[in-house]
Amino acid sequence: MTSAKLKTNGEWLVWARKTAHYKTEKIAKRISKTSETIKKWENNGEISFNNLSKLAHEYQRPTTIFFNDDKPVYENEPPNFRTEGSEKMTITPRIAFEIRKARSRRETLLNLEEESDDFEIPLFPFKNFQVEDINKIPELLSDFLGYKPRSRASIGLDHWIDKVESLGLLVFQFYDIKPSELRGYALYYDKLPIIGINSKEIDNAKKFTFFHELAHIIMKKEGLSNINQYSFVDKEEFLCNKIAAETLLPNKLFSNYINENTSYSKFSAEDIKRLSKIFHVSQSVIVRKAITLNYITKKEYDKRINEFKSYIAVPKTLKSSKIYGKKKRLESDKPDHKKGIHNKAMISFRKNGKYFTKFLLNAYEEEIISDIDVALELGVSLEIVREMKKILGKEEFNV
């Protein structure tokens, strides 16, 4: 029996596919149809409800949107798809959905601000910072951070995120995109700019990405980043890498140490590894420092290029030991439910950011939204929402 056909607006089918970064061949394969069928639906808008539901699921859009009589409006995507090579980054559906979700969270807070007399989101304090002052950014960040250079890099990422979010920035960590595809992104707005960090990277690499994206926010240059090469070209990405490296490990501190400890001056693989541990930064930062300060010359770099590139290669995900897993199951037949809920709550904090989460909970306390609204916005259960409130402890729900 053939399903009855619905009459949708084919332009919205095209819009949904393109904004999800699906080619007709790819989406056809995902729902077991032909490219010709997808094109036919988009041309005449006639499609069964079952197939429409499948497309809506893949595009992550409500089915009702496809019956809109108006023409779709294409949102501006981050204009600078950043790589340090000659080719642009490939935008996958997962990346498109991550950017869409980040923007949606921001809009949620702006809407809540309009609905409440008590909530006021501050403007980004560096919005008037001039691009001509690029060389002052590390100094500006150092003054804001307020820590001695030697101790700064040893401080954990969560601390820096809390500190930066207090300025009125949103910081999200994403979990379902490979670091080789995307390491971070920056979306600039005068109010509530956004930084995204790939949670799958090691902590030192995440700190570098965080400060790299923060530099882009201060420079008001948004886009996506995979930070997958070193560069000797004086351009935006090189500047942001330089700013991130200088913030984590000031040139003066690094050069003084190398001059006083000449045994490291050859920058062998072992030297780089040890220096990484001494300064609590990634091996990539050590190499960048050595290049910037000319301890590693262009000639030396070319000679050891494969070695140096390995320091910024995406690390393989560590797999849990099967033996360890069996041992855990023998210790108890029942999983630790409380621990599981706590871990999920902590992941939600990282995914959604404390600023966004606190704002939602504040709105709930003021009875602007319900606890169900909070759970839906965070993408968690009510039990996890309650756990998140416990984790915040005695903190006042003030953003």
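**Aromatic rings and their partners**

Modeller: In this predicted model, the charged end of Arg 106 sits over the ring of Tyr 189, at 3.6 Å from the ring centre.

A pair of aromatic rings is described by the distance of the centres and the angle of the planes. The structure holds 17 aromatic pairs. One of them joins Phe 172 and Phe 356: the ring centres are 6.4 Å apart and the planes stand at 90°, so this pair is edge-to-face, as planes over 60 degrees apart are. Because Phe 172 belongs to strand E4 (residues 170-174) and Phe 356 to helix H18 (residues 354-365), the pair ties together parts that are 184 residues apart in sequence. Both Phe 172 and Phe 356 are buried.

Strand E4 also contains Phe 174. The ring of Phe 174 forms a stacked pair with that of Tyr 185, with 5.8 Å from centre to centre and 20° between the planes. Since Tyr 185 lies in strand E5 (residues 184-187), this pair ties together parts that are 11 residues apart in sequence. Phe 174 has a relative accessibility of 1% and therefore counts as buried, the limit being under 20%. Tyr 185 is buried as well, with a relative accessible area of 0%.

Finally, one aromatic cluster is formed by Phe 254, Tyr 257, Tyr 264, Phe 267, Phe 279 and Tyr 295.

Technical notes:
Residues are numbered from 1 along each chain as its sequence is written. This is a predicted model: local features need pLDDT of at least 70, side-chain atom pairs count only at pLDDT 80 or more; totals for chains, interfaces and linings use all residues. Side-chain values use heavy atoms; hydrogens and water are left out. Rings of Phe, Tyr and Trp (its six-membered ring) pair if their centres lie within 6.5 Å; planes under 30 degrees apart count as stacked, over 60 as edge-to-face and the rest as tilted. Helices (H or I, at least four residues) and strands (E, at least two) are DSSP runs, numbered from the N terminus. Buried means under 20% relative accessible area, exposed over 50%, partly exposed in between (1.4 Å probe, protein chains only). A charge sits over a ring if NZ of Lys or CZ of Arg is within 6 Å of the ring centre and within 35 degrees of the ring normal.
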